[in-house]
Amino acid sequence: MEITNVTEYDAIARQKLPKMVYDYYASGAEDQWTLQENRNAFSRILFRPRILIDVSKIDMTTTVLGFKISMPIMIAPTAMQKMAHPEGEYATARAASAAGTIMTLSSWATSSVEEVASTGPGIRFFQLYVYKDRNVVAQLVRRAERAGFKAIALTVDTPRLGRREADIKNRFTLPPFLTLKNFEGLDLGKMDKADDSGLASYVAGQIDRSLSWKDVKWLQTITKLPILVKGVLTAEDARLSIQAGAAGIIVSNHGARQLDYVPATIMALEEVVKAAQGRVPVFLDGGVRRGTDVFKALALGASGIFIGRPVVFSLAAEGEAGVRKVLQMLREEFELTMALSGCRSLKEITRDHILTDWDISRPQPVARL
């Protein structure tokens with residue numbers, strides 16, 4: 001079967017992967033309302049395309065924290081990628097580098113920061129969970145820095161793990177031939193079987209529930225790397241992130257895996273962008289499956305987007321070639337959307353290019369004749 005869009009990889013991954021692994025990647029928290037909403041919300045945003053504009057040349061390049069990339073489509077951190085494919089994070093790193101974009105490596109990767117760095121050149125960010133043992137955190141951040149990673153994406157929405165019922169039913173745990181590579185040798189790389197989700201038990205034992213804004217400041221004392229705060233959904237927290245010295249904000253609901261019934265990230269985006277007032281870039285993570293979704297996010301003020309599940313599903317289906325294809329398909333769809341909307345560069349994508357269902361409820365100006 002010829003793959004013609006990103007979503008088709010989901011069905012292939014479902015067939016190829018063990019149920020426990022597929023469910024881990026695919027499922028959300030509790031009723032999975034937010035999981036559906038992350039996708040559905042995009043369908044409530046329509047285009048206002050402009051016509052008769054010369055779109056023979058289209059420039060999708062942008063810079064993120066000063067690093068030039070080929071398009072505003074980047075790779076989000078997704079844990080334990082070797083469950084999807086033996087090459088795991090190696091394949092993803094090579095695919096991102098070939099596409100000229102950024103890969104974010106998860107703290108809970110099945111390949112270490114050093115191993116990913118060894119795959120060759122590329123712009124890489126490191127996603128960080130803060131462990132109770134701060135020496136472990138400081139050591140890990142220093143290793144990421146030494147390995148050439150360019151920023152820290154601090155995940156702030158996980159003081160406890162969301163209730164993922166598929167993982168409870170499946171008694172999810174990391175397969176015995178894999179470890180959380182960044183923590184090997186620290187007795188933190190293993191995940192034991194538990195009566196419910198092995199990952200939930202691991203998080204309860206290791207992750208610091210007392211994480212607060214002062215820790216964002218503390219991180220800046222141990223690294224020169226810019227810090228992106230990942231997991232912001234409100235204007236209030238956007239303002240506090242900037243006050244705490246964040247270099248950027250990632251609007252994320254953790255792939256709908258933490259608190260169910262939070263808004264879709266595309267619905268929360270504009271509120272956060274308005275609060276940021278251009279002081280730091282705001283990125284969107286969650287629900288992007290089409291180039292049209294990328295355009296909608298940029299029209300609402302995002303500086304770029306991150307994709308997660310499409311990466312692990314395409315990795316499961318076709319390894320590195322699958323991840324390359326996902327990035328290429330999204331790139332081509334996004335370029336086409338720009339052309340058909342009358343935009344030749346990212347700065348030409350404006351709020352006027354879209355109409356949202358919440359715009360319709362506002363009183364429209366009356367035309368005077």
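A note on what I am working with. This is a predicted model, in which local features need pLDDT of at least 70 and side-chain atom pairs count only at pLDDT 80 or more, while totals for chains, interfaces and linings use all residues. I number residues from 1 along each chain as its sequence is written, and side-chain values use heavy atoms, with hydrogens and water left out.

Entry: I checked UniProt, where an unreviewed entry places the feature "active site" at H254. UniProt positions are in the numbering used here, feature names are shortened, and annotations may be inferred rather than shown by experiment. I found H254 in the loop between β9 and α11. Helices (H or I, at least four residues) and strands (E, at least two) are DSSP runs, numbered from the N terminus. Leaving aside neighbours within four places in sequence, H254 is in contact (heavy atoms within 4.5 Å) with Y129, T155, D157, T158 and R164.

Entry: For cavities, I used a 1 Å grid over the protein atoms alone: a cavity is a set of points where a 1.4 Å probe fits but cannot get out, and lining residues have an atom within 4 Å of a point.

**Entry: Y24 and R257.** I placed Y24 in helix α2 (residues 19-26), and R257 in the loop between β9 (248-251) and α11 (265-276). Y24 is buried at 5% relative accessible area, and R257 is buried at 9%. Not counting residues up to four places away in sequence, Y24 touches R257, along with others including M80, R164 and F172. Among the contacts of R257, counted likewise, are Y25, R164 and R309.

**Entry: the cavity.** I counted 1 cavity of 30 Å³ or more. The largest cavity has a volume of about 410 Å³, taken as the space filled by probe spheres set on grid points that are joined across faces, edges and corners. Of its 27 lining residues, P77, T78, H254, G255 and R257 are the closest to the centre. Helix α13 supplies the largest share of the lining, 3 residues.

Terms used
Buried < 20%, exposed > 50% of the residue type's maximum accessible area, 1.4 Å probe, protein only. 1 Å grid on protein atoms, 1.4 Å probe; cavity = no way out; pocket = protein on both sides within 12 Å on 5 of 7 lines; lining within 4 Å.
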